[in-house]
Amino acid sequence: MTRILALETAGETCSVALLDNGNVLERFEHAPRRQTELVLPMVEGLLADAGVRLKDLDGIAFGHGPGAFTGVRVAAAVTQGLAFSADLPVVGISTLAACALSAQAIQAHSHVIACFDARMGEVYLGAYACEEAAASAIFNDGLFNPDALPDLPSADWMIVGSGLVYQDSLVEAYGASRCVADAHPHAKAVAQLALSAFERGDGVSAEQAQPVYLRDQVIQGAAR
């Protein structure tokens, strides 16, 4: 039996989930810029409802980005704190992959391009083949100018996420049978995507719970 706590705060939402022997409990809230105040009470409430203590977990998974700079840091920092306190392994999961899988669960579409508005005239983008509880990368996450998007294999694509502010460029590049701008990554998908890593013993120590920004300018600016 594998128990995984998962956190996702990289976008405009805050969600936590508990995967326990195949069953998932989740708390999800649309909460722009409120993740810092919400995530720990959500974790505490979720574990209390499930009757599970932190030390009963097998590991903690978190959406490691890309996404909003502060939101990505919140998930990493909270994961580190919880994992240190209970000596638990951690696994970081692409927020784009979690968004793709979350959208697939609702829309039942197997080929998904997840894209987030990265500001500064750019988009974070990844492409995935999705099925129940799994998302395989067709194209690894990257940061792109909407006028210079990467080549992807031809497929019946669904495009999801806030990056659809550049819908014309995305549809011109890839075509799309469906576009869903109001799609968000869920902690449930983070937990599902992390399960196989934990089962393989690929969890890492708490200090390795690091965010993935994909933008050097952000990292350099944060270091000042």
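E29, R34 and E37 are linked in a network of salt bridges, a salt bridge being a side-chain nitrogen of Lys or Arg within 4 Å of a carboxyl oxygen of Asp or Glu. The model is predicted, with local features requiring pLDDT of at least 70 and side-chain atom pairs counting only at pLDDT 80 or more, while totals for chains, interfaces and linings use all residues. Residues are numbered from 1 along each chain as its sequence is written, and side-chain values use heavy atoms, without hydrogens and water.

The structure holds seven salt bridges. Between R34 and E37, the closest N and O atoms are 3.5 Å apart. R34 has a relative accessible area of 33% and is partly exposed (buried is under 20%, exposed over 50%, partly exposed in between; 1.4 Å probe, protein chains only). A further salt bridge joins R3 to D20 at 3.1 Å, N to O. R3 belongs to strand β1 (residues 3-8) and D20 to strand β2 (residues 13-20), so the pair ties together parts 17 residues apart in sequence. Strands (E, at least two residues) and helices (H or I, at least four) are DSSP runs, numbered from the N terminus.

An open sheet of five strands has the order β8-β7-β6-β9-β10, with mixed pairing; two strands pair if DSSP finds at least two bridges between them. β8 (134-144) and β10 (178-180) are at the edges with a single partner strand each, so one side of each lacks a neighbour in the sheet. Strands β6 (residues 111-117) and β9 (residues 158-160) pair in the parallel sense over three bridges, and M158 in β9 is the bridge partner of V112.

In helix α5, the buried residues include L193 and F198. α5 is followed by G201, with a positive phi near 80°.
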